[in-house]
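Please look over the sequence and the three-dimensional view that follow.

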Amino acid sequence: ATKAPPIVPAPPFSWTGFYIGGTAGADWNDPKVTLDPVNGVNPNYRPQDLAGVAALGTGTIRGTSAIVGGKAGYNQQYGAWVAGVEADLYAFHFNRTAVASGNPFPGFGNGSMVLTTNVASDWLATIRPRFGYATDRALFYATGGVAFGRVSFSNTDVEFAPLGNGFGTEASSASQVRTGWVAGGGIDYALSANWICSVEYLHVDLGSLSASGLVSSANLDTATLNFSTKLQSDIVRAGVAYKF
């Protein structure tokens, strides 16, 4: 009788090598806006007004958007441990406007203030070392590094303040490519010798962007509205990559 040839087990998957691929998912943005009003030489606000003005202009503008992009990286395997580095660039569309209105002037019944604030961002890039543990075709990893992204801010104010002469107005804006940090983790799974799918979570903090605008009315009473915008994002995405 002819014996069947012995079954040779497939060699363990090797994570060592370069890869390139694409990703898609969702981006939860959470920019925090802080207002610090400062009176001019001829004050526009009474001392007791400053806290109310600051509170009216301070808050969070939340929004969710789809995110798509590309990635490339390299892994080196050492036994069950895998170290590597990955860079990515992706696009999304976050553009949210919030309107805050009220009377922040205690005891002044005719007072009013309307603040219209916009925060926007449309791209993000990261460069991240990765370190993980492989169980053959599954790789569990943690990652963290540097993030880059454009953040834009604008604000307008129309108000009737106790010390102003008629309605006062203000406008401010700023736009800058910010550098911050990113951290997270995920799972890679090798579908074959060359194709890898992944699921990943990242938290991104791009730091603070500042903008200032002068409040002026028909007289010489002025104040400066100093804004600070801190953009943070939580990203969940899936990806596919080709390993060379």
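In which strand is Q232 found? Q232 is found in strand β10, where a strand is a DSSP run of E with at least two residues and strands are numbered from the N terminus. This is a predicted model, in which local features need pLDDT of at least 70 and side-chain atom pairs count only at pLDDT 80 or more, while totals for chains, interfaces and linings use all residues. Residues are numbered from 1 along each chain as its sequence is written, and side-chain values use heavy atoms, with hydrogens and water left out.

**Q232 and its surroundings**

With a relative accessible area of 16%, Q232 is buried; the word buried stands for under 20% relative accessible area, exposed for over 50%, and partly exposed for what lies in between, all with a 1.4 Å probe and protein chains only. The side chain of Q232 is joined to that of K32 by a polar contact of 3.3 Å, a term for a pair of N or O atoms within 3.5 Å, of which, within protein, one must be able to donate a hydrogen and the other to accept it, and for which residues adjacent in sequence count only if both atoms are side-chain atoms. When residues up to four places away in sequence are not counted, Q232 touches W28, N29, D30, P31, K32, H203, V204 and D205, contact being defined as heavy atoms within 4.5 Å.

|---|---|---|

**Salt bridges**

Side chains of opposite charge can pair when their charged atoms come close. The structure holds 12 salt bridges, each being a side-chain nitrogen of Lys or Arg within 4 Å of a carboxyl oxygen of Asp or Glu. In one of them, the side chains of R128 and D88 meet with 3.1 Å from N to O.

R237 counts as buried because its relative accessibility is 4%, and D88 is buried with a relative accessible area of 5%.

A further salt bridge is formed by R130 and D188, whose closest N and O atoms are 3.0 Å apart. It links distant parts of the chain, R130 being in strand β6 and D188 in strand β8 (residues 168–190), 58 residues apart. Both R130 and D188 are buried. Through salt bridges that share partners, E86, D88, R128, R130, D188, E200 and R237 are joined into one network.

**Aromatic rings**

The charged end of R130 sits over the ring of Y141, 4.1 Å from its centre; for this, NZ of Lys or CZ of Arg must be within 6 Å of the ring centre and within 35 degrees of the ring normal.

A search of the whole structure finds 10 aromatic pairs. Rings of Phe, Tyr and Trp (its six-membered ring) pair if their centres lie within 6.5 Å, and planes under 30 degrees apart count as stacked, over 60 as edge-to-face and the rest as tilted. Among the pairs is the tilted one of F18 and Y74, with 4.5 Å centre to centre and 50° between the planes. F18 in strand β1 (residues 17–29) and Y74 in strand β4 (residues 63–78) are 56 residues apart, and the pair links distant parts of the chain. F18 counts as exposed at 54% relative accessibility, whereas Y74 is partly exposed at 26%.

The ring centres of F160 and F167 are 5.4 Å apart and their planes are at 50°, so this pair is tilted. F160 counts as partly exposed at 24% relative accessibility, and F167 as exposed at 55%. Finally, W81, F131 and Y133 form one aromatic cluster.

Conventions: Helices (H or I, at least four residues) and strands (E, at least two) are DSSP runs, numbered from the N terminus.
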